[in-house]
Structure formats: C-alpha cells, structure tokens
Amino acid sequence: MNVKKRPVSKLPEVDFSNLGFGKYYGDHMLLRRYVNGTWQESEILPYGDILLSPANITLHYAQSIFEGMKAFRGEDGIVRLFRPEQNFARLNRSAERMAIPRIDEKKTLEELIELITLDQDFTPPHLGSSLYIRPFIFATDPTLGVKISETYYFMIITTPVDAYYGRNLQTVGIYATKEFTRAAPGGTGHVKAAANYAQSLYAAKKAQQKGYKQIMWLDGLEHKYVDEVGTMNIMFVIDDTLVTPTLKQGTILAGITRESVLQLAKDLGWKVEERKIAFKEIIKAAKKGSLQECFGTGTAATIAPVGRIGYDDGEDIVINNNEVGPYAKTMYEALLGIQYGKRKDPYGWTVEIKKD
Ligand code: COI
C-alpha cells in the first residue's frame, strides 16, 4: 500500500483533556477507489479535504454507508482494536442492501491495522476515551440520474473521542415517540446507511426541544414495540432479567456492542431475553416497581444508562431515581475491562496494535 506521510504531526494540537466527539482527526486517512468494476489499491494519505463534483451522486441520493469502531489504550500503554472484523462484516451487509460493491474484509483489516499503527499516538490515555474509527463508503459518480453508482470511495478516518454521552458514566433522558418512524420491515433499519441518520435528525431535535437527549424509536408498523435509540441499541432490566428487542423484524441495527453485552451478561449469570418489548410493558413494569434499569449500548455510546423516559401521553418514567444502577455499572466495567486490556479476553475480541 502506498503511504504518504504528513510531514509535521497535528498531535500537539489535540487537547486530550477535552476531546468531545469528532473535534480532532488523526494525521492520516485511508482511501481506496472503485472504478472499472473493481476496488483499486488503497493509499494512506495525510488527513485532508477531498474534491468532489457538485453532481456527486451521494450528495443527492445518499448511496452511502458507514461503520463505527474504536481503539483503546490500556494502562499497559498497548492500543487494542475491539472486534474490528465484525465491523467489516457488517459493512458488507450494509453494502449489499445499498447496492454498493463488497470489500475484501481480511485485506481491509490488515490495512486498518497499518493505519492505526501509524496514528496510534492519537489514542487517548484515559478510561472512557478512545480513538474512534470511521470506515465509510460512498458513491462518486458525477451524475444526477437516480441509479446505482459505478464508482465509489472507501475511506477510513480516525478521531480521538470521549464517550458520546460524556466521559463519566451518567444517565441520559430519552423520548419514546409515536409521531416519527425510523424503520419499517423491508427498509434499511438493519444496516448502517447514512440516510437512516439524516432522517432521524428532525425527530431528535424535537426530543431535544422537550429536554431529552435522544429519541427512542418504536416499531414503524404500530408504534407499539421498542426498536432502538438514536445512536444506540437499548436494554432494560426487568425483574432481574436483561431484556432487549429482538433483531428478527429486520428493523434494528445489529450492534456489535449489543452482541458483546448479551454474551457478557450470560457469562455473568444474568438472565437474558431477546424478544419483542411492548412500550406498554415498560410503563407497567415501571408502575409495578419491577423496571430496575435501562441502558443503551453502542460503539460511540459504550454503556449509556437511561434515567428517564418521556412519552406522548403520560408522566415521565423515572428509572432507579435517575441514577446509574448496578447492572449498568457492572456491565460497563466488564466491557471496558476487556477493551482496555484490564480483564481476560476469553473470546479473543481484542486485536493488539504493535508499537510503531
Ligand atoms: C457508533 O456507535 O459508532 C455509531 O455509529 C453512532 C454514531 C452515529 C455516533
């Protein structure tokens, strides 16, 4: 792979004590073009702007997909990726649905490792912060015809970040809406299409105006069942059982953190259920006192405890006095323990990056 290095690093400009999310970028980016029916050789280039035609088809019709993964720096100084092969497998599932050509997962992982090895110094040193990695593919044909593009860019960029909802484990409020729909069977809810996020912004703004951080989406057919939250999957603890919506309807993103949390929960001896969850059941459980906790899971969000759920026709559901509960805390420690190399990694989820 051709590597063109940035002559002077931007690392000294990064304020590691206040990273936010997507404020700083690594020195380099990976770029691979799709032309003449095949993916070309990748290059690593200095991070920077790219030139696009105003008729770029993605700008108009959103034939674009992405992934989110992270690298973590442990107390031992070692940088580790977390289940990156799962992200590339999902990227290919998204590609299939959005009529984008598939990538070679093994080769892409090798190239990612080369990029992260080069920019590993951008990985923050403290627990909860990480190097967020954004692989994405978008169509590049310069045409206004509504059609499958014949050319694409695959890129990877990196950004040192705090957890999406803040550095410390803290509760957020979410709003369950019947007014808007994220996904319906047969749609693109199960893949990471950029357009899924664009269409969610208006509903999220409405929720934020009401004082909540994010929308909790209910199913698109009846608005009765819980699907997921703006930027994460959602889990409840009811009667000491961890309950999360099933992926069977094909409307929910198959989160890699979601799947990891379900595995760790079973290992911790928790009862786990993946099934349809009526929002009414959540209201009932809250009234009965059996709704103990609720938390979101996601690459960006990590474990995000939910302290309050608002909805259209009732009083807010307050969970665990709007405080972080023991289940969320235990899971946070179990998951981050593996990601930061503090705990045993029984499933080989982490990939160590060698020092450059
Ligand atoms: C992630 O968790 O990586 C996501 O993709 C959510 C992102 C849109 C902030």
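Predicted model: local features only at pLDDT ≥ 70, side-chain atom pairs only at ≥ 80, totals over all residues.
Visitor: What is the volume of the largest pocket, and which residues lie nearest its centre?

Guide: The volume of the largest pocket is about 670 Å³. Its lining comprises 34 residues, and those nearest the centre are Phe-66, Tyr-132, Arg-134, Tyr-197 and Thr-231. Among the elements that contribute two or more residues to this lining are strand E8 (130–139), helix H5 (201–209) and strand E16 (291–298). By residue class, the lining divides into 16 nonpolar, 14 polar and 4 charged.

Visitor: Is Pro-142 buried or exposed, and which residues does it touch?

Guide: A residue counts as exposed when its relative accessible area is over 50%. Pro-142, at 56%, therefore counts as exposed. Pro-142 is placed in the loop between E8 and E9. Leaving aside residues up to four places away in sequence, Pro-142 touches Ser-53, Ala-55 and Asn-56.

Visitor: What is the phi of Asn-36, and what is that of Ala-62?

Guide: Asn-36 is not a glycine, yet has a positive phi of about 50°. Asn-36 sits in the loop between strand E2 (28–35) and strand E3 (38–39), and is exposed at 76% relative accessibility. For Ala-62, also not a glycine, phi is positive and near 60°. Ala-62 belongs to the loop between helix H1 (57–61) and strand E5 (64–66), and its relative accessible area of 24% makes it partly exposed.

Note on methods. Residues numbered from 1 in each chain as written. Heavy atoms only, no water. 1 Å grid on protein atoms, 1.4 Å probe; cavity = no way out; pocket = protein on both sides within 12 Å on 5 of 7 lines; lining within 4 Å. Points joined across faces, edges and corners; volume = space filled by probe spheres on them. Helix = DSSP H or I, 4+ residues; strand = E, 2+ residues; numbered from the N terminus. Nonpolar A, V, L, I, M, F, W, Y, C, P; charged D, E, K, R; others polar. Buried < 20%, exposed > 50% of the residue type's maximum accessible area, 1.4 Å probe, protein only. Contact = heavy atoms within 4.5 Å.
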